[in-house]
Amino acid sequence: MPHKVNFDGDTSRLYEQLSHLTGLTPGELINRQLSAHHAEGHELLALVVAHPELHEEAANLLQSYGPEPLLVGIKRIAPRSYLTLAERFEHKMSEVMGKPRTAF
Amino acid sequence: MTSGSPAKDAGEGFTSLASLLRAVAPEKLEEARRRVVMQNREELLRRYRAAHIEGKRVIAFLMAEALVRNGVPPFVWLDGLALDGLTVNQRYDLFLADLMWVRRWYRDHDKVVRYRRCKVMLAGADHLFHREAEFAFYEGKRPAWKLVASLSLTERQQWDCALLRSATIKKRVAATDAMSERVFKALLGDIRAVRRTATFGEAEALATLQRRLTLWRCSRIVRTASPTEIATRFEQMTGRPISRQAVAQQLEKVRTALRTMEVTS
């Protein structure tokens, strides 16, 4: 789905230069860079699905993004027993593979 | 191995595997990949089956990547399991596995494919691969035989695959399955008649029986009856190499046993 994104001045200049350097459009560049952060977005949504009462606090994590990493913020506001998607994945890996020899 | 018919999986909707992969932090995926590549063939197969059956799709995908890299074709992965009741997501994952196999082991195949989107699916970057595979699969509504035709898969490639098989190949698989029990009994009868010695006890007899049955199955796959080709299939199925001379010798014994027991293959 296409979205129109307005860059601020610095960002706009940066992406023009990066676009010139790589031959990729700013949209393509952003898609590539953002793909590394998809998991964080999924983590935030998973928290709200599991705990709808945390909707506002979860939204605030992204509204006031940085310097605290999103995942650290999620762990801070989530109940102690809450397992992030990454932790659930590690559990599944352990079920299939056994416990890792070193810390995951 | 599978019906490949349009979705009959009313209980479960289609979920893109690419979305599930994106939901896992890249560093976690890489760490998991590092653990997976340390597994040997048998461990990978066992764990792939467990993950596939239990619906641990991301983990099954990581195992699938490693199995493809190790030269174990998808038709071996779920060998011996009934696959009639696969969910739409399990069928999609097998479809991806078949594509991964063709992408890795038939690198020039995209050149003989007529359709642009299929070419991208076979030779494009990873994110394009997933996008085009989802488009082609059409949430399970596109039957396997149509995908086989669109991808111009050869008979040999279809034998490698788990899901991407035409009706002709599926009929041959069904015929082989139907004959297996009679062939097994004939080979068992033959091996029982062999005198046991200090070097050929029950364990050796069982290993011989399994080897001959597997070679017979491989011979059903290889239409040309080439011992070299049958030896390749045997190694794919068992992980153990065998010489073409041994293949020819063992298959002669199989044929004699089947003639004696009046089993036609």
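Eight residues of domain 1 of chain B are in contact with six residues of domain 2 of chain B, two residues being in contact if their C-beta atoms, placed from the backbone, lie within 7 Å. Helix α10 (residues 155-160) of chain B supplies the largest share of the domain 1 side, three residues; helices (H or I, at least four residues) and strands (E, at least two) are DSSP runs, numbered from the N terminus. By class, this side of domain 1 has four nonpolar, one polar and three charged residues. Here Ala, Val, Leu, Ile, Met, Phe, Trp, Tyr, Cys and Pro count as nonpolar, Asp, Glu, Lys and Arg as charged, and the others, Gly among them, as polar. The two domains of chain B cover residues 17-165 (domain 1) and 168-260 (domain 2), with bounds from an automatic or database domain assignment. Their centres, taken over C-alpha atoms, are separated by 28 Å.

The model is predicted: local features need pLDDT of at least 70, side-chain atom pairs count only at pLDDT 80 or more, and totals for chains, interfaces and linings use all residues. Residues are numbered from 1 along each chain as its sequence is written, while chains are lettered from A and ligands numbered from 1 in the order in which they are written.

Chain B contains 14 helices and zero strands. Along the principal axes, the C-alpha atoms of chain B fill a box of roughly 60 × 40 × 40 Å. Among contacts in chain B with a separation of 6 or more, 64% join residues 24 or more positions apart.

Of the 265 residues in chain B, 34% are buried. A residue is buried if 20 or more other C-beta atoms lie within 10 Å of its own, exposed if 12 or fewer, and partly exposed in between, with C-beta atoms placed from the backbone. The largest nonpolar core has 73 residues, such a core being a set of buried Ala, Val, Leu, Ile, Met, Phe, Trp, Tyr and Cys residues joined through C-beta atoms within 7 Å. Y48(B), M63(B), L67(B), F95(B) and L164(B) have the most contacts inside this core. Helix α4(B) gives the core its largest share, 10 residues. Beyond its neighbours within four places in sequence, M63(B) is in contact with V36(B), L44(B), R47(B), Y48(B) and A51(B).

G71(B) lies in the loop between α4 (57-69) and α5 (74-77) of chain B. This glycine counts as partly exposed because it has 14 C-beta neighbours inside 10 Å. G71(B) is 165 residues from Q236(B) in sequence, with 7.2 Å between their C-alpha atoms.

Chain A is assigned domain 1 (7-36) and domain 2 (37-104), whose centres over C-alpha atoms are 28 Å apart. Just after α1(A), G23(A) takes a positive phi of about 80°.

Between the chains, 14 residues of chain A are in contact with 15 residues of chain B. On the chain A side, α3 (38-50) and α6 (85-97) are the elements that give two or more residues. Helix α6(A) gives the most, with seven residues. This side of chain A has 10 nonpolar, three polar and one charged residues.
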